[in-house]
Amino acid sequence: RCKSLSVSFWNSYWMLPSDVCGMNCFWEAAFRYDYMKTHPSEKMHLAVVACGERLEETVTMLRSAIIFSIKPLQFHIFAEDQLHESFKAILDDFPYEGKVNYTLYPITFPTESAAEWKKLFKPCASQRLFLPLILKNVDSLLYVDTDILFLRPVDDIWSFLGKFNSTQIAAMAPEHEEPRIGWYNRFARHPYYGLTGINSGVMLMNMTRIRRKYFKNDMTPVRLQWREILMPLLKKYKLNITWGDQDLLNIMFFHNPESLYVFPCQWNYRPDHCIYGSNCKEAEEDGIFILHGNRGVYHDDKQPTFRAVYEAIKNYSFEDDLVHSLLQPLELELRKTMHTYCGRVYKVFIKQLTKSVRDLYARRSKGR
């Protein structure tokens with residue numbers, strides 16, 4: 001009955017969580033809810049940069065953040081001027097229940113070099129480099145690309161801030177797990193972090209530390225602060241970089257490796273983790289925590305497994321039941337993708353999502 005996703009199975013699963021996953025599983029979720037209620041903290045700050053045709057994708061990402069998160073969220077949305085009214089109309093209609101606020105910002109670069117930064121890689125992509133300088137009163141921030149989907153609470157990646165040692169200022173995941181298909185170790189013409197580089201699509205930042213730090217570099221023996229190092233880096237490497245601001249971050253952390261906390265691939269799971277065979281072991285064990293549909297895979301037929309998750313979250317209504325309106329139809333769609341390499345491991349796409357829904361219902365039950 002489990003494999004056929006019968007309604008009776010799903011109903012029993014959610015009505016009697018202790019029968020399915022054990023009392024430890026149920027009480028762990030309940031305890032976590034109690035802890036969050038009795039240990040209030042400041043909002044979690046999440047930033048995104050949206051330009052061009054990225055409105056729908058960005059809104060879908062924000063929806064995924066809202067569904068499961070526990071602590072309040074503050075969205076910092078940097079967008080082209082023509083997108084502001086559309087964002088406002090959509091976000092003002094969301095049933096936030098008082099746990100979400102947002103601020104819209106224009107796209108801004110240093111006046112003297114704005115043209116160079118705008119044309120670096122994709123329009124607006126390099127805006128993220130200036131977030132520590134723009135959001136001066138924000139202590140910590142999670143930056144994500146528009147093509148990110150949260151499959152568990154933002155709270156859980158936010159908690160990595162507490163795991164930073166005294167030298168670490170940011171956290172990112174490796175660009176690749178398998179060096180044989182790695183881009184940086186095969187093609188890069190500039191320094192990069194570690195064996196395969198880092199991916200900046202999900203970047204957790206202690207912005208206070210970033211603003212205070214003096215960075216080692218290969219341009220001068222003098223250490224430079226964040227606001228001082230960006231333009232010299234661009235001038236030195238602009239003919240050698242392919243992925244724009246991500247390459248500049250790789251160069252920075254190559255020279256300052258002690259400043260980076262590296263989190264596992266399941267926190268930034270991309271097509272490269274499954275299109276040539278599964279190579280993210282952590283996701284195989286516990287599921288995907290954050291899905292990153294880069295290269296436009298949410299909008300074409302090249303990776304239907306990624307697209308299925310995107311469409312499910314995009315079409316989910318906040319008022320609907322998550323089991324019958326999201327999980328059940330999603331698993332049926334994922335089964336249809338088993339002819340692809342990513343589809344063969346489709347269970348990693350729904351494993352954590354299922355747990356997140358179960359935990360959410362446990363919290364709601366406990367809160368009654």
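## Helix H11 and its packing

The buried residues of helix H11 pack against H6, H7, helix H10 (207-212), strand S8 (214-215), strand S9 (224-225) and helix H12 (245-255). Contact here means heavy atoms within 4.5 Å. Helices (H or I, at least four residues) and strands (E, at least two) are DSSP runs, numbered from the N terminus. The model is predicted, so local features need pLDDT of at least 70 and side-chain atom pairs count only at pLDDT 80 or more, while totals for chains, interfaces and linings use all residues. Residues are numbered from 1 along each chain as its sequence is written, and side-chain values use heavy atoms, with hydrogens and water left out.

H11 covers residues 226-237, which makes 12 residues. From its first C-alpha to its last it reaches 17 Å, close to the 16 Å expected at 1.5 Å a residue; the expected span is 1.5 Å times one less than the number of residues. Which residues of H11 are buried? They are Trp226, Ile229, Leu230, Met231, Leu233, Leu234 and Tyr237. Buried means under 20% relative accessible area, exposed over 50%, and partly exposed in between (1.4 Å probe, protein chains only). As background, an α-helix has 3.6 residues a turn, so residues three or four places apart point the same way.

## Three disulfides

How many disulfides are there? Taking a disulfide as a pair of cysteine sulfur atoms within 2.5 Å, the count comes to 3. With the bonded cysteines of the chain numbered in sequence order, the pairing reads 1-2, 3-5, 4-6.

Let us begin with Cys51 and Cys124, which are joined S to S at 1.8 Å. This pair links distant parts of the chain, 73 residues apart. Cys51 sits in the loop between strand S1 (44-50) and helix H4 (55-68), and Cys124 in the loop between helix H6 (114-118) and helix H7 (131-134). The torsion about their S-S bond is about -95 degrees, so this disulfide is left-handed. Both cysteines, Cys51 and Cys124, are buried.

Next come Cys265 and Cys280, with sulfur atoms 2.1 Å apart. Both lie in the loop between strand S10 (260-262) and helix H13 (281-286), 15 residues apart. Cys265 and Cys280 are both buried.

In the remaining pair, the sulfur atoms of Cys274 and Cys342 are 2.0 Å apart. Cys274 belongs to the loop between S10 and H13, whereas Cys342 is in helix H16, 68 residues apart. This link is right-handed, with 85 degrees about the S-S bond. Cys274 is buried, and Cys342 is too.

## Thr337 in its loop

Where does Thr337 lie? You can find Thr337 in the loop between helix H15 (322-335) and helix H16 (341-344). Thr337 counts as buried because its relative accessibility is 4%.

Leaving aside neighbours within four places in sequence, Thr337 is in contact with Pro304, Thr305, Gly343 and Arg344. Thr337 and Pro304 are 33 residues apart in sequence, and their C-alpha atoms are 6.1 Å apart in space.

## Arg295 and its positive phi

Another loop residue to look at is Arg295, between strand S11 (290-292) and helix H14 (304-315). The phi of Arg295 is near 60 degrees, a positive value in a residue other than glycine. Is Arg295 buried or exposed? Arg295 is exposed, because its relative accessible area is 53%.
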